[in-house]
Amino acid sequence: MQSILGNFALILFILTIVTGVIWFLDRFYLSKQRRAKATAALAEFDARNAKLSAEGIKLEASGRAALEANLLRQPTWVEYSGSFFPVIATVFFLRSFLYEPFKIPSSSMVPTLLVGDLILVNKFTYGIRLPIINKKVIEMNNPQRGDVMVFKYPKDMSLDYIKRVVGVPGDKITYKNKRLTINGEALSYTPLPDYLNEDSLDYSQQFTENLSNVQHTIAIRSGRPPIALEGVMDFPNKDACSYNPEGFTCTVPAGNYFMMGDNRDNSEDSRYWGFVPDQNIVGKAFLVWMNLGNFKRIGTFFK
């Protein structure tokens, strides 16, 4: 199922092409063939009826209209393809170039995003990309520190991940004792009341983190290490990072981004699997448009 969802854009593209070809074929060829056959059949029908009328035989007046409608009727497969084509094409365009919906499957972005949140992602703010191959063709904005971004997981491109941009190309990121320092400047943290994790029924410490003037809330579990060193994988440009039990320091390579979840001690992110290349970017998340388990979340804009 996950592989199918991961290729949903490809499925939509194929359906758009197939239904579009059938629609155009019917519009400019098959319909003309049906009309030509109907014209010939109706001429024969009219001639036969004229002969019968001359012989004094009374005919049913509705017979000609029924015959014409039957001859011009589209085959079922053509009718359904023509009906679905504009709908599928519209969905494909909107999803590929404007906005795409996603569902939050895990708690890695708590408290900003909750499990079950259905979010909208802006597909054009970071540039226009060709669907399927995700190649950028029009440059626009670059991701900024503090953005909540959806991207293709570098270890499995069929998976979409969502995290917060912590480091942009050239940044030196230090995470020590669960506090971030970027390019030598320590971020400021303001304590908040503890956050209740409704799934596990325990509490996490909450702080407002000021990341390049983007103030957002993070959650931290006391008693857990800043990073589980045994979970760090091999990844491209790993030599740009150094790890120790208190945290890590990474320099973000050109064309890459460093991502972290707001639920800092319950997030598998760039600390473990590395940097996110620009070509993996999907878009910028900005709105919770539905949560069937918590209607108060609907319409929540976040940053």
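Tutor: Helix α2 gives the nonpolar patch its largest share, 6 residues. Bear in mind that this is a predicted model, where local features need pLDDT of at least 70, side-chain atom pairs count only at pLDDT 80 or more, and totals for chains, interfaces and linings use all residues. Residues are numbered from 1 along each chain as its sequence is written, and side-chain values use heavy atoms, leaving out hydrogens and water.

The patch covers about 1000 Å² and is built from L10, F13, I14, I17, V18, V21, L130, I132, I133, V137, I138 and M140. The areas come from the Shrake-Rupley method with a 1.4 Å probe, and for residues only the protein chains shown count as cover.

Two elements, α2 (8-54) and β4 (136-138), each put in at least two residues. Helices (H or I, at least four residues) and strands (E, at least two) are DSSP runs, numbered from the N terminus.

Take V18, which sits in helix α2. Its relative accessible area is 42%, so V18 is partly exposed, meaning between the cut-offs for buried (under 20%) and exposed (over 50%), with a 1.4 Å probe and protein chains only. For contrast, look at K123, in the loop between β2 (118-122) and β3 (128-129): K123 is buried, because its relative accessible area is 14%.

How values were computed:
Patch = residues over 30% accessible without salt bridge, like charges linked within 9 Å, V, L, I, M, F, W, Y side chains within 5 Å. Salt bridge = Lys/Arg side-chain N within 4 Å of Asp/Glu carboxyl O.
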